[in-house]
Amino acid sequence: MSTAGQVIRCRAAVAWEAGKPLVIEEVEVAPPQEMEVRVKILFTSLCHTDVYFWEAKGQTPMFPRIFGHEAGGIVESVGEGVIDLKPGDHVLPVFTGECKECKPCKSEESNICDLLRINTDRGVMLNDGKSRFSIKGKPIYHFVGTSTFSEYTVTHVGSLAKINPAAPLDKVCVLSCGISTGLGATLNVAKPKKGSTVAIFGLGAVGLAAAEGARIAGASRIIGVDLNSKRFEEAKKFGVTEFVNPKEHDKPVQEVIAEMTDGGVDRSVECTGSINAMISAFECVHDGWGVAVLVGVPNKDDAFKTHPMNFLNERTLTGTFFGNYRPRSDLPAVVEKYMNKELELEKFITHSVPFAQINKAFEYMLKGDGLRCIIRMDA
């Protein structure tokens, strides 16, 4: 029986207030409007960004809200004007979009879409400034245009990557945020040559994805840098060959790495958001050709301080957003890397819980237990 054009009632995990456990509620999900798509979410996972905004650390608090932005699902129905997707298509919702019409989308130099770039302060749809979620007529706010902690969600068509229907959604769903960010930071931005040396700052899920990128690229040495030595054993699975804990040295970590590598690494990728790690990541690359890539999001008052000679000595500092991937154009090929066994995703997935136990996923994340927890929507 078709549900197209009708309001769907389904379960969603609603955050009623900051830092309080999510509550499984019955919500009404309105049909998609022009250039919108309604998606049945089958699997979603928890990313640190969800926790950050749930704790109300990152924005003007906006509640009640449905969080979630790493997921895989199937198109249920499409709104007027949608021609790229049809019911039954397998998709990954993405927190940033690709409208294909704006200046950045038409350029070959950016993946930061003017229309659909991430906006954590917007809790409504672009089309009419209203939410598609409600409980007994009371609107529930969206999150980064995805809100995947709901059995059905509505997104802009530009925020959905259509993927190979043979790809297992319970694995590839992790590609819609952190894993692609780290992987792309290395493969698309740092671009280490085969045999080169790479330092990765921060060995959480994003940093380990950056290490995985270095492994795929054929780096000869991958040096992991983290303040938590317990992460070192796990990191070996992702190609990390050596480890440095800055707390165990009485000199700046960039000096330690320079000594280990005869003057510095060829590439570094910073995945912590710590301003000190950012500076170290830049200053540990070799002069003449070294490239440092910043991925982590700093605090708003942070300032980057280094001597200008570091630039004049031909070191390069750059940053990346979502690993320079365009969601609609590039993510399908990343899924194919997994399908072709070039990219391993299983090792990123350390836990799995039924939807009814979604708060357990938050507990794992808050304890720093594991990397990614898959939330099964049908359970």
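Me: Ala, Val, Leu, Ile, Met, Phe, Trp, Tyr, Cys and Pro count as nonpolar, Asp, Glu, Lys and Arg as charged, and the others, Gly among them, as polar. This is a predicted model, in which local features need pLDDT of at least 70, side-chain atom pairs need 80 or more, and totals for chains, interfaces and linings use all residues. Numbering starts from 1 along each chain as its sequence is written, and side-chain values use heavy atoms, without hydrogens or water. How many charged residues are in the lining of the second largest pocket?

Reply: A pocket is an open set of points on a 1 Å grid over the protein atoms alone, where a 1.4 Å probe fits, with protein on both sides within 12 Å along at least five of seven lines; lining residues have an atom within 4 Å of a point. The second largest pocket is lined by 17 residues. Seven are nonpolar and six polar, and the charged ones number four.

Me: Which residues lie nearest the centre of the second largest pocket?

Reply: Five residues of its lining are named there. Leu116, Arg122 and Leu126 are among them.

Me: Which way does His156 point from E8, with Thr153 and Thr155 or with Tyr152 and Val154?

Reply: Strands (E, at least two residues) and helices (H or I, at least four) are DSSP runs numbered from the N terminus. In a regular strand the side chains alternate between the two faces of the sheet. Thr153 and Thr155 share one direction from E8. His156 points the other way, with Tyr152 and Val154.

Me: How many residues of strand E8 are buried?

Reply: Buried means under 20% relative accessible area, exposed over 50%, and partly exposed in between (1.4 Å probe, protein chains only). E8 spans residues 152-156 and is mostly covered. The buried count is five of five.

Me: Ser150 lies in which loop?

Reply: Ser150 has a relative accessible area of 0%, so it is buried. Contact means heavy atoms within 4.5 Å; beyond four places in sequence, the contacts of Ser150 include Cys10, Val29, Phe133 and Met377. Its loop runs between strand E7 (138-140) and E8.

Me: Thr44 lies in which strand?

Reply: Thr44 is buried, with a relative accessible area of 0%. Not counting residues up to four places away, Thr44 touches Glu70, Thr148, Cys373 and Met377, among others. Its strand is E3.

Me: How far apart in space are Ile179 and Arg9, C-alpha to C-alpha?

Reply: Ile179 is in helix H4 (residues 178-190), and is buried at 0% relative accessible area. Outside four places in sequence, Ile179 contacts Val174, Ala205, Ala209, Leu345 and Phe348. Ile179 and Arg9 are 170 residues apart in sequence, and the distance in space is 32 Å.

Me: Is Met35 exposed, partly exposed or buried?

Reply: Met35 is not a glycine, yet its phi is positive, about 65°. Met35 sits in the loop between strand E2 (23-29) and E3. Its relative accessible area is 31%, so Met35 is partly exposed.

Me: What is the relative accessible area of Asp262?

Reply: Asp262 also has a positive phi, near 55°. Asp262 is in the loop between helix H7 (253-260) and strand E13 (267-270). Asp262 is exposed, at 69%.

Me: Is the peptide bond from Phe63 to Pro64 cis or trans?

Reply: Most peptide bonds are trans. Pro64 is in the loop between helix H1 (48-54) and strand E4 (70-78). Omega from Phe63 to Pro64 is near -5°, and the bond is cis.
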